[in-house]
Amino acid sequence: MVLGATGCGPAPGQSDGPTGGTRQDGDTPYLSDALLTAPLEPPALSLVAGARREPLRRIMVDWSARGGPVTGPPRHVDWPAARLTGTTRRVTMEFGTAQLPSRVVLYRYPGTGADGIPDEDAGTETICGYSTPAASCSRTGGGDRPAQVDVALDVEAGGYWVVHAAWPVLVGRSSTEQVPVVSASWVVRVDQMEGRHADQRDEVAVPGDP
């Protein structure tokens, strides 16, 4: 179950291969340790489309290697909803940090149980490669702007998204020490609405907006 102890366990496979990511983490470009090391605190994550943004809900975190919180897995999951309007084909998720994660995995599910937890067997897994704009999931960053994940919408993959991200802790250690890692998982339900003309601007409509 993806919402188990690590939030990034095995799930039924969907990997983009050479155009959309890889199951190795070696595609991250060379950047200084200061840009790749984990932030001091777990960052927020928001889904952005047009001028609107919807915060994802963090459901698990292990920031112990940075002296931070450790929580999860939850027994019940409440999913914040992002209602996409227009003819949106891709959306961006933006971290509240410029530190580039070494690994981002997107899990998508068609539904959940009464406890809000999805069935692992019904889901797909996509490894988000670095800077591959045509891929179904791609991560970008480099220190001069917030780290981001760009995702192509796929109705068949399901609208319940779990995003897992991990960062190495590269500061305050000797060159011979094993590199510790911190990680967190966030959830959002993506609802794509129909009925707007293609030339109208895509945006995120928060439930309850007029």
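Visitor: In what order do the six strands of the open sheet lie?

Guide: Strands are DSSP runs of E with at least two residues, numbered from the N terminus, and two strands pair if DSSP finds at least two bridges between them. In this predicted model, the six strands form an open sheet in the order β2-β1-β6-β11-β10-β9, with mixed pairing. The edges are β2 (52–55) and β9 (129–130), each of which pairs on one side only.

Visitor: How are the model and its numbering to be treated?

Guide: Residues are numbered from 1 along each chain as its sequence is written, and side-chain values use heavy atoms, leaving out hydrogens and water. As the model is predicted, local features need pLDDT of at least 70 and side-chain atom pairs count only at pLDDT 80 or more, whereas totals for chains, interfaces and linings use all residues.

Visitor: Which residues stand opposite S46 in β2 and in β6?

Guide: S46 faces P55 in β2 and E94 in β6. Strand β1 (residues 45–49) pairs with β2 in the antiparallel sense over four bridges, and β1 and β6 are likewise antiparallel, over four bridges.

Visitor: Is β6 mostly covered or mostly open?

Guide: Buried means under 20% relative accessible area, exposed over 50%, and partly exposed in between, with a 1.4 Å probe and protein chains only. In β6 (residues 90–95), five of the six residues are buried.

Visitor: Why does S183 count as buried?

Guide: S183 counts as buried because its relative accessibility is 16%. This residue lies in strand β13 (residues 181–192). A contact means heavy atoms within 4.5 Å; leaving aside neighbours within four places in sequence, S183 touches V61, D62, W63, H164, A165 and A166.

Visitor: How many residues line the second largest pocket, and which strand gives the largest share?

Guide: The lining has 13 residues, with D154, V155, G158, G159 and V190 nearest the centre. Strand β13 gives the largest share, four residues.

Visitor: What pLDDT does the chain average?

Guide: pLDDT is the predictor's confidence in each residue, from 0 to 100. The chain averages 79, and 74% of the residues score at least 70. Over residues 4–26 the pLDDT is below 50, and over residues 195–210 it stays under 50.

Key. 1 Å grid on protein atoms, 1.4 Å probe; cavity = no way out; pocket = protein on both sides within 12 Å on 5 of 7 lines; lining within 4 Å.
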